[in-house]
Amino acid sequence: MWINGSAARGAILRTNPREKMVHILFDISVISKGVDGALEIVGGALLCFVSPAQITHIVRILTQHEFSEDPNDLLAGYLLQAAQHLTAAAQIFAAVYLVWHGIVKVGLVIALLQKRFWAYPAAIGAFGLFLVYQLYRYAHTRSAWLLVLSVADVFVIVITWLEYKRLHAVHGFA
């Protein structure tokens with residue numbers, strides 16, 4: 001079940017400023033998730049067609065300028081080291097994971113933007129599972145990037161819950 005476009009716009013107009021802000025933040029965060037998901041699909045698909053040696057070569061080209069300015073650049077060094085240690089099995093896992101993760105995100109984002117009520121709890125559950133996996137990976141890698149992604153996911157989960165509650169209050173949908 002979903003709300004048609006005019007009813008959804010009417011729901012926005014009949015809410016208080018806090019609810020309008022929640023809705024705006026929801027739209028921004030969900031659209032960002034959709035763009036991220038689309039990029040994951042593209043990145044995963046590209047990983048299927050590029051060899052680990054080609055990835056190392058590309059990273060070397062992309063980091064060459066940074067190393068010429070600062071031979072001890074941490075980010076460039078990390079990227080090059082990661083590319084050099086990329087195995088074919090890890091590449092396949094990354095490709096499958098990115099494509100699957102991206103398809104789930106894009107599908108949920110489309111449903112959320114269409115105001116399909118089933119998508120709100122589904123998105124909260126899926127994003128929650130992604131969050132658990134990221135925190136699991138953080139426990140093994142201690143990557144600050146995973147923490148940043150996890151904080152962003154917590155924000156999206158909370159804002160999705162608030163938007164779901166707002167729509168439930170406006171439309172009486174359970």
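This is a predicted model: local features need pLDDT of at least 70, side-chain atom pairs count only at pLDDT 80 or more; totals for chains, interfaces and linings use all residues.
Residues are numbered from 1 along each chain as its sequence is written, and side-chain values use heavy atoms, without hydrogens and water.

**Figure 1. Overview of the helical protein.** The protein contains 7 helices and 0 strands; helices (H or I, at least four residues) and strands (E, at least two) are DSSP runs, numbered from the N terminus. Of its 174 residues, 31% are buried, where buried means under 20% relative accessible area, exposed over 50% and partly exposed in between (1.4 Å probe, protein chains only).

**Figure 2. Salt bridge between lysine 33 and aspartate 153**. The closest N and O atoms of this pair are 2.2 Å apart. Lysine 33 belongs to helix α2 (residues 17-49) and aspartate 153 to helix α7 (residues 144-171), so the pair ties together parts that are 120 residues apart in sequence. Both residues are buried. A salt bridge is a side-chain nitrogen of Lys or Arg within 4 Å of a carboxyl oxygen of Asp or Glu.

**Figure 3. Salt bridge between aspartate 36 and lysine 105**. Here the closest N and O atoms are 2.1 Å apart. The pair links aspartate 36 in helix α2 with lysine 105 in helix α5 (residues 88-113), 69 residues apart. Aspartate 36 is partly exposed, at 31% relative accessible area, whereas lysine 105 is buried, at 3%.

**Figure 4. Network of Asp36, Glu40 and Lys105**. Salt bridges link these residues. Between glutamate 40 and lysine 105, the closest N and O atoms are 3.2 Å apart. Glutamate 40 is buried, with a relative accessible area of 13%.
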